[in-house]
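Please look through the sequence and the model below before reading on.

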Amino acid sequence: MTPGNNGASTPEDDDPFGYLYADGQANGAQPPSGGYGYPNSVNRVRPVGTRQYGQQAPAPQAPPQQGAYGQPSAHYAAPETLPGGATTTQSHQPSHGGGGRGRGPNTKGLLIGAIAVAAAVVIGIGVAMLGGDDDDKGGNQADAGPTQSQDEGKPSPSASEGGADEEKAELPTIDAKALRLDGGAALASDVKGAKADGGVYVTGFNAVGSKVTWTVNGIKADTYRFYARYGIPGVDADATLVVNGKPASRPLNMKNFGGTPEGDFEKGWQTTWANVNLSDGTNTIEVVCNEGNKCNANLDQFWLEEEPNA
């Protein structure tokens with residue numbers, strides 16, 4: 001080897017087609033016979049088998065490949081092993097398992113999950129609709145004992161339209177002049193504001209032994225509210241309530257609920273109530289001024305109403 005000439009046998013100078021050219025032939029290039037055209041050339045490709053032109057080479061036996069579960073096994077044949085150097089295509093074989101049937105996605109589980117989600121959405125919407133703003137159902141409720149309220153100017157128990165309310169309206173009411181009076185009780189109409197017929201009310205009740213009696217007919221046995229409209233001169237009063245001859249354990253409270261000015265009967269009209277247990281048929285209700293009662297009050301009207309929760 002001379003300076004400047006590295007020779008034709010170095011790998012980077014190999015020309016596999018050098019034998020086709022004059023300068024290649026001059027350098028000793030020969031047609032390929034297992035290697036490249038130059039002498040001592042480096043073989044860059046490891047041959048699969050001995051290649052013979054014009055003949056069909058036998059197909060090499062590739063070792064079987066074990067495919068992963070559920071994945072196709074690929075078998076490859078080199079183009080040189082086929083007639084005419086044709087390219088083969090990969091073939092895929094589905095894996096088999098469980099008695100020869102292919103396993104697909106778990107569609108049953110997906111369907112059950114979808115149904116569960118839909119059911120949860122429907123339930124949530126129903127709860128939201130049911131959980132909407134409710135009307136305020138609060139109102140006056142019966143306390144453990146009778147309560148009293150300031151008179152609001154109604155002459156008798158209010159009655160609303162409707163079957164149940166109409167039945168309440170049929171409960172009896174009475175004006176002062178229809179009551180039976182005893183013990184010094186009398187009728188008067190000097191003080192304005194009484195709602196009884198003609199503005200007549202019971203006066204003279206402020207004396208021990210005074211009483212008024214109301215005979216109630218056609219009542220069904222039940223617990224009712226007995227209402228009394230009274231007038232006081234801005235000072236608390238009370239009386240004894242007697243039902244069918246039996247005095248109540250608590251007095252009928254005729255308190256100054258409205259805080260009206262003392263000494264003014266005209267501004268002192270108010271309303272109170274107490275529970276009474278009545279029997280079927282005829283009952284008597286008495287309001288009596290007994291010892292220990294503060295009876296400085298005028299009596300205007302009485303009426304009955306059903307217990308709200310009865």
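A salt bridge is counted when a side-chain nitrogen of Lys or Arg lies within 4 Å of a carboxyl oxygen of Asp or Glu, and by that rule the structure holds 5 salt bridges. This is a predicted model, in which local features need pLDDT of at least 70 and side-chain atom pairs count only at pLDDT 80 or more, while totals for chains, interfaces and linings use all residues. Residues are numbered from 1 along each chain as its sequence is written, and side-chain values use heavy atoms, with hydrogens and water left out.

One of the bridges joins Lys211 and Glu286, with 3.2 Å from N to O. Lys211 belongs to strand S6 (residues 211-219) and Glu286 to strand S12 (residues 281-288), so this pair ties together parts that are 75 residues apart in sequence; strands are DSSP runs of E with at least two residues, helices are runs of H or I with at least four, and both are numbered from the N terminus.

Another bridge links Arg229 to Asp300, whose closest N and O atoms are 2.5 Å apart. Because Arg229 lies in strand S7 and Asp300 in strand S13, the pair ties together parts 71 residues apart in sequence. Buried means under 20% relative accessible area, exposed over 50%, and partly exposed in between (1.4 Å probe, protein chains only); Arg229, at 3% relative accessibility, counts as buried, and Asp300, at 1%, is buried as well.

Turning to helix H2 (residues 107-130), we find Val121 there, a residue that is partly exposed with a relative accessible area of 46%.
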